[in-house]
Amino acid sequence: MDLEMNLNASHSMGTTIIGVTYNGGVVLGADSRTSTGMYVANRASDKITQLTDNVYVCRSGSAADSQIVSDYVRYFLHQHTIQLGQSATSKVAANLIRLLSYNNKNMLETGLIVGGWDKYEGGKIYAIPLGGTLIEQPFAIGGSGSSYLYGFFDQAWKEGMTKDEAEQFVVKAVSLAIARDGASGGVVRTVIINSEGVTRNFYPSDKLQLWHEELEPQNSLLDLLNSSSPEPMNI
Amino acid sequence: MNFMASKQPENSLLGPESDSQRTLYPYVTGTSVVALKYKDGILMAADMGGSYGSTLRYKSVERMKPIGKHSLLGASGEISDFQEILRYLDELILYDNMWDDGNSLGPKEVHNYLTRVMYNRRNKFNPLWNSLVLGGVKNGQKYLGTVSMIGVNFEDNHVATGFGNHLARPILRQEWHENLSFEDGVRLLEKCMRVLLYRDRSAVNKLQIAKITEDGVTISQPYSLKTYWEFSAFENPAQGAIGSW
């Protein structure tokens with residue numbers, strides 16, 4: 001057992017990150033826990049970061065590495081947009097991320113999921129795991145919490161969901177991962193990107209569905225004791 | 001000439017003990033236990049999580065148990081070692097009862113026994129990987145003590161294990177006072193447990209609060225705490241600094 005908090009451990013976003021396509025765009029989702037060893041350094045982080053108006057990236061792994069990579073890519077994309085004369089595509093954003101991740105593979109520890117909408121290809125999701133592989137997929141999951149979701153996605157994912165179905169699916173998935181992964185927690189954040197624009201949503205833990213062995217939250221044990229019949233406590 | 005290879009223990013410095021099992025690192029672990037003295041006795045709180053590394057594997061583990069008539073034991077660390085300690089204490093209490101002399105081991109005595117067990121195991125480099133909290137009341141005297149896996153032991157008005165030391169004790173140092181009522185004690189413990197829920201990765205939102213008084217032990221039903229996330233700063237934290245956390 002870790003008897004000491006390792007306060008000098010690097011800030012790592014244990015994390016659960018998800019990106020799914022639906023029949024009009026993409027939905028990105030993430031938890032909000034950033035940990036330093038076993039301590040939760042930030043319980044309300046924002047892991048879904050903007051790259052351009054229509055392209056966002058979900059960050060996992062080292063907080064520092066993922067921030068610096070996304071900052072560089074935002075900078076390059078900005079210049080690219082000016083030169084191109086129109087919005088950058090999600091494919092270009094993903095490839096820029098890939099170049100940085102691949103060419104610095106020995107030094108970086110970050111897994112990213114790029115999601116966006118452009119007029120040429122519609123909604124697209126690209127996964128860029130450790131090492132810098134680029135892989136386009138109808139959905140992608142990443143971070144330590146994703147281990148608990150492979151079975152869920154294998155069984156429940158389907159092509160051509162509506163926007164609301166897709167968002168509820170993502171929220172359910174992140175919430176399931178939070179229930180079992182100690183490195184994920186906090187609130188569920190989602191970002192929906194389509195031809196109409198970008199919508200950010202926020203689902204605090206207490207608004208999520210309860211899973212196995214989870215109980216309805218109470219203000220205090222005293223409320224339970226005062227409301228129930230005699231002998232509520234037992235040895 | 002002797003061609004038969006003699007069976008030497010792997011590490012010959014250990015002698016005959018080298019074949020025995022030793023806990024080098026824990027597998028299924030419980031996190032913090034927090035306890036305080038109040039007007040009528042001791043209040044103790046612990047969540048019901050049994051983590052397996054970073055996985056929150058078991059969510060209904062009871063980490064507080066009554067010991068004899070006068071004591072309550074809470075444990076963090078390796079659950080299998082805690083279960084072994086319960087067996088040792090079972091035997092201790094059994095022998096105590098068999099004396100049939102009207103006397104019974106109080107919390108101070110149980111704490112002392114545990115301290116000896118933990119320290120002796122530590123000396124043999126085969127620790128029981130737990131941090132224990134032992135509270136009780138006997139003849140009107142309240143007692144609250146703690147023992148760690150290396151045998152560090154002491155008593156105080158409020159104690160905690162693991163993360164509880166860093167997050168709960170400062171709150172208790174500020175807000176604990178002599179003769180807390182049951183309600184105030186419970187609220188104070190819940191305040192501590194809520195902070196642990198926010199900030200300890202291995203915390204699980206399902207806990208029990210136990211009380212021990214002269215009349216005996218009661219351990220509450222499992223329940224969950226409400227948590228607070230609706231701050232405007234939480235809704236859009238990166239608004240002023242896109243790309244930050």
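Here is a walk through chain B, from its overall build to one of its sheets.

A quick note on ground rules: this is a predicted model, where local features need pLDDT of at least 70 and side-chain atom pairs count only at pLDDT 80 or more, while totals for chains, interfaces and linings use all residues. Residues are numbered from 1 along each chain as written, chains are lettered from A and ligands numbered from 1 in the order written, and side-chain values use heavy atoms, leaving out hydrogens and water.

Chain B holds 5 helices and 14 strands, taken as DSSP runs (H or I of at least four residues, E of at least two) numbered from the N terminus. Its C-alpha trace spans about 85 × 60 × 30 Å along the principal axes. Of its 245 residues, 52% count as buried, meaning under 20% relative accessible area with a 1.4 Å probe, protein chains only.

Now for the sheet. Five strands of chain B line up as S11-S2-S3-S12-S13 in an open sheet with antiparallel pairing; strands pair if DSSP finds at least two bridges between them. S11 (158-160) and S13 (216-219) of chain B sit at the edges with a single partner strand each, so one side of each has no neighbour in the sheet. On average, neighbouring strands here are turned by 15 degrees against each other, direction ignored, with axes fitted to C-alpha atoms.

How values were computed
Axes are lines fitted to C-alpha atoms, for helices over the stretch in contact, and angles run from 0 to 180 degrees between N-to-C directions. Buried means under 20% relative accessible area, exposed over 50%, partly exposed in between (1.4 Å probe, protein chains only).
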